[in-house]
Amino acid sequence: MKLANERNIGVATPLPPQLEAVITRLERLSFAPQFSVQRDVALGRALQTYLSASVPLAPLTEEVRLSELFLYADFYPEDGQLTLIEQLRDVITEHIPEEERCWLDPLKHSYMDLVEILPARGSVPVLMLRSLGNGRAYRVQLDSPALAAHAGQVLLTRLVRPPGDPETEEATIAGSALVLSAEDANAIYEATGEYRREMEITGGSFELGDWPEFAKRFGHILLWNFARLRMAALVDAVVSIHYVTGDNEPYLYTIALYEHCEFTHLRDSLSDLNGFRPRQATGSATATELDRSAQAWTMAASGESADSRIVARLTLTATQLMVECDSRERLNTVKHALAAAYGFSLHFRGETIAPPKRQVTADELASDQPLTIRITPEADRALLNTFLETTYLEWADQESPALGGETPRHAAASEAGREKVAAVITGMEREDLGLRRTGIRAFDYNKLRAHVGLEEVAGG
C-alpha cells in the first residue's frame, strides 16, 4: 500500500473570487436552522466510512472540503427542500451580483472525478488533465506555479467549467484536491466500478448512465473508497509500529496469564523451551524459600545476545505463569509451544493483545519510516490494570489448581480454606506484574479478597 507514504496527499488551490463568493453563500445557507439537519445527513453520507469505523483516523481537511462541495452541488435534501443551489438561484432573499450568479449552473453541473495529470506542454503554467472515468480532457490555468503533484499522479477533485461554453476544456479545481498515485487511483476507480455494478444488479436496472451522470449522483463513493485505502494504510502502519520502553527496549504489551500447581516441574523444564534462557530469581525470597521463589526466562531478539533487546519473558511464580511478548504473533508462537509441552498442566486465565491506545496523526501515517512509540510507566500500568481487572473478574468462581481444583469462593467457606485462599492472593499480590515492570502494583488485590469474603489488607 503506497498511500501511507504519499506525503502531499492533499492540496488546496485558489478559486476565482466570484466562485469563492458563491461557495461562501452556499456554506452560510447550509447552516440555516431549517437546513442544518440535511447538512448533517449529507456530510454523514460523504464521510460514512469514518463514521462507521472504529479506526482512530480522522478525515483529511481536503476530504471534508470535498464533502462540503458534495453538499452544495450534488445533494438532494431528504425532506423535500430545494437543493442549496436552487434555493440560492431561485429564491429571492438577497441580491446576488450577476458575475457571481453565472457560476451557479457550472457548479451545479460539476461532479467529483478522478483525473490523471498529463505531461506538461512547454513552459506555460497549464495543468493538463484526463478523466479516468470517460477520458475527457481538461485544461486548468495555474495561478500558482507550484502544485504539489506531477505527471502520472491522479487528482480526486471537483472540476468546474467557467460560465459560457459547457463543452470547453477549460476548468477550475474547486479549491481542494487529493493527490494519489496511479496505483491507488486505479484501485479507487475499480472499487467504485464494482460498487456501481452491484447497485445495478441489486436494483435490476443498468441505467445509471454514463460516467458524468453516475459521478454526479454517486461521486461520494469515490470518497468512501479513498477513506478505505487510508484505513488500510493505517492498518499497515500500525502493524509495523515499534513500541519501546523509556530505556528504548521492546515494550512487551501482549500478555497471557496461566495458573498451575506444578511449580517444580515447570521450573526444571522451562529452560528447554526453544529460544528461552533462564534469568536469576526475580523474587525477594530467603534461602529457605528459594525453592518456591519466582523464576524468569527471557528470549532475545533474533541474532542478539541473551542480555540485549528482550522480546519475550516468562515469569513463573508459585501459582502463576506470566507470558509477555512484543507482538501478538510472538505471543501465539509461545502459547502454542507451552500447550505442546505442558498441555493441561497450565490453566489459561486470559490474555491481552491490544497495544496501548494511540491516536495516529496524519504526519505519522505519512512517514516513510515505521512508527516508534515510547510507552510511559503510567501507560504501562493502565494497560496492565485493564488486563488484570478483566482476567480476575471471574477468578473467584473458577476452579483453581492451587486450591486442589476448588473455586476460591467455595474454598473460602471453611477456615482452612480461607487461609489457603488468603495465601494464594498474597502470593499473587507479591508477584504482581506491575510491581515487576514499573515498581508499582497495577491491581488492587483487595478486590479479590472482597470477592471471596476475606478481609481487606492494609496497603493491598
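Two strands count as paired if DSSP finds at least two bridges between them; strands (E, at least two residues) and helices (H or I, at least four) are DSSP runs, numbered from the N terminus. The model is a predicted one, so local features need pLDDT of at least 70 and side-chain atom pairs count only at pLDDT 80 or more, while totals for chains, interfaces and linings use all residues. Residues are numbered from 1 along each chain as its sequence is written, and side-chain values use heavy atoms, with hydrogens and water left out.

On to the sheet. It is open and built from 6 strands in the order E9-E10-E11-E12-E8-E13, with antiparallel pairing. Strand E9 (277-278) and strand E13 (347-352) sit at the edges, each pairing on one side only. Further in, E11 (residues 310-316) and E12 (residues 320-325) pair in the antiparallel sense over 5 bridges, and Ala312 stands opposite Cys325 in E12.

Now for helix H1 (residues 17-30). Leu19, Val22, Ile23, Arg25, Leu26 and Ser30 of H1 are buried (under 20% relative accessible area, with a 1.4 Å probe and protein chains only). Seen down the axis of H1, these buried residues fall within an arc of 155°, so they line one face of the helix; the arc is that of the directions from the helix axis to the C-beta atoms. They pack against several elements, including helix H2 (36-46), helix H4 (61-73) and strand E5 (154-160), where contact means heavy atoms within 4.5 Å.

H8 (residues 182-203) and H9 (residues 211-218) pack at about 90°, with their axes 12 Å apart. Their contact involves Tyr189, Thr192, Arg196 and Met199 of H8 and Trp211, Phe214 and Phe218 of H9.

How values were computed: Buried means under 20% relative accessible area, exposed over 50%, partly exposed in between (1.4 Å probe, protein chains only). Axes are lines fitted to C-alpha atoms, for helices over the stretch in contact, and angles run from 0 to 180 degrees between N-to-C directions.
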